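Open the model in your viewer and keep the selection panel at hand. The stops below follow one another.

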Amino acid sequence: MLQIGIMDCGPLSNPAFFSEKIKQVSPQRRDIVECHKTERGKRQSLGGGLLIQAMLEQAVQQRCAAPYHSFSWKKGEQGKPILLGVTDTKGEPLYVNLSHSGEMAAAVLADFEVGIDIQEQQTPPEGVARRFFTQQEQAWLYATEAMEKAEHFFRLWTLKEAYIKTTGQGMRTPLMDFDVTKAAERCGEVIAIEEKGWEDKKSEKIFLCALPTILQPTDPEQHYALAVGGKKLYETPETQCFLIQH
């Protein structure tokens with residue numbers, strides 16, 4: 001089971017609406033929201049919390065998750081957040097990963113370890129591709145028509161972020177140590193990427209999928225790249241948009 005949800009955080013720019021919605025998340029999430037220094041950061045964090053709640057509630061209704069009273073987070077060995085208090089109907093752990101960019105939040109829920117990344121498509125920063133992309137990734141990017149360069153750049157970037165968030169290694173894994181060109185080329189397909197073993201850990205496959213470009217509901221001129229990774233093979237997921245209810 002793997003489900004992807006997105007949420008437009010733009011409506012939270014209304015102070016009264018923000019104040020109403022922050023009461024609906026846990027004290028732990030409220031503390032995380034208040035740690036952000038910018039208003040956009042606060043909106044993103046609150047929107048992410050509301051999105052995860054909505055996805056878990058839906059999972060219970062669909063009998064993908066067991067009923068629960070509350071949930072919380074703790075940091076794993078590599079700093080990756082681990083969900084507590086929620087299981088599937090067999091009592092096995094459920095895994096959630098969250099990302100946000102611009103005015104959008106994205107989350108993935110699965111019964112195996114996963115990672116997700118969303119990025120607002122802007123002008124690609126100078127020099128980043130040469131510094132962080134493999135030669136094969138750069139060749140594919142530079143062969144792209146000018147009008148598609150931003151889309152392809154952020155497709156590569158989100159795939160790389162989804163990979164390191166899935167493994168839990170984060171930036172301890174140099175981004176040039178693995179290649180996601182095939183997953184970028186075959187957008188919408190689940191592609192296996194070999195993960196290098198760390199210390200006494202054996203190599204395993206990470207399954208990546210670049211999703212079609214996301215449009216922001218309250219501002220369709222804003223485009224977003226979205227990619228997901230998992231430690232087990234899954235079917236190509238559909239992205240479900242959750243609305244912040246007034």
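Which residue takes a positive phi in the hairpin of strand 4 and strand 5? Select Gly102: its phi is near 60°, and the hairpin has 2 residues between the strands.

Before moving on, note that this is a predicted model, in which local features need pLDDT of at least 70, side-chain atom pairs count only at pLDDT 80 or more, and totals for chains, interfaces and linings use all residues. Residues are numbered from 1 along each chain as its sequence is written, and side-chain values use heavy atoms, with hydrogens and water left out.

**The sheet**

Now show the strands. Helices (H or I, at least four residues) and strands (E, at least two) are DSSP runs, numbered from the N terminus. An open sheet of 4 strands runs in the order 4-5-1-10, with mixed pairing. Strands count as paired if DSSP finds at least two bridges between them. Go to the edges: strand 4 (95-101) and strand 10 (239-241) each have a single partner strand, so one side of each lacks a neighbour in the sheet. On average, neighbouring strands are turned by 20° against each other, direction ignored.

**Strand 5 and its partners**

Select residues 104-110, which are strand 5. Strand 1 (residues 2-8) pairs with strand 5 in the antiparallel sense over 7 bridges. Pick out Ile4, which stands opposite Val108. Then take Asp8, whose bridge partner in strand 5 is Met104. Strand 4 also pairs with strand 5 in the antiparallel sense, over 7 bridges. There, Ser99 stands opposite Ala106.

Buried means under 20% relative accessible area, exposed over 50%, and partly exposed in between (1.4 Å probe, protein chains only).

**Two helices**

Axes are lines fitted to C-alpha atoms, for helices over the stretch in contact, and angles run from 0 to 180 degrees between N-to-C directions. Show the side chains of the contact (heavy atoms within 4.5 Å): Arg29, Ile32, Val33 and Glu34 come from helix 2, and Lys42, Ser45, Leu46 and Gly49 from helix 3.

Most residues other than glycine have a negative phi. Arg63 counts as exposed, at 71% relative accessibility.

Last, select Gln121, in the loop between strand 6 (114-120) and helix 4 (128-132). Gln121 counts as buried, at 17% relative accessibility. Leaving aside neighbours within four places in sequence, Gln121 is in contact with Glu151, Phe154, Thr213, His223, Tyr224 and Ala225.
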